[in-house]
Amino acid sequence: MSTPVSAPAPPGGPRSAVRRRATQQHQQNVANQRPNSTRAAGAGGSSSTMLKLYTDEAAGLIVDPMVVMVLSIGFILSVVALHIIAKITNKLMGN
């Protein structure tokens, strides 16, 4: 006599729920093992100190961006002026 062939289990059900839960737990464990910062990863930098540079809590000199822009343009103009003065003095000296 032949033995009855059992039908395959329907999709879903308790087995797939257990598999799904195990996969989620594995993904959480892997995510928890990864370092959150480059310093923890061994790269030497720390993201918390980098963010502190751009807040009002940073210690040190606080300069308005417009002041930095004016000083930069002033420096560039002075270098250009010095180049022009050097060209003129070279022509007058006969070199």
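Across the protein, the mean pLDDT is 75, and 55% of the residues reach 70 or more, pLDDT being the predictor's confidence in each residue on a scale from 0 to 100. The model is a predicted one, in which local features need pLDDT of at least 70 and side-chain atom pairs count only at pLDDT 80 or more, while totals for chains, interfaces and linings use all residues. Residues are numbered from 1 along each chain as its sequence is written, and side-chain values use heavy atoms, with hydrogens and water left out.

The secondary structure comes to four helices and zero strands, where helices (H or I, at least four residues) and strands (E, at least two) are DSSP runs numbered from the N terminus. Confidence is lowest in helix α2, residues 38-41, at a mean of 53, and highest in α4, at 95.

Helix α4 has 29 residues and reaches 42 Å from its first C-alpha to its last, close to the 42 Å expected at 1.5 Å a residue; the expected span is 1.5 Å times one less than the number of residues. Just after α4, Gly94 takes a positive phi of about 90 degrees.

Of the 95 residues in the protein, buried ones make up 1%, with buried meaning under 20% relative accessible area, exposed over 50%, and partly exposed in between (1.4 Å probe, protein chains only). Ile84, which lies in helix α4, residues 65-93, is partly exposed because its relative accessible area is 47%.
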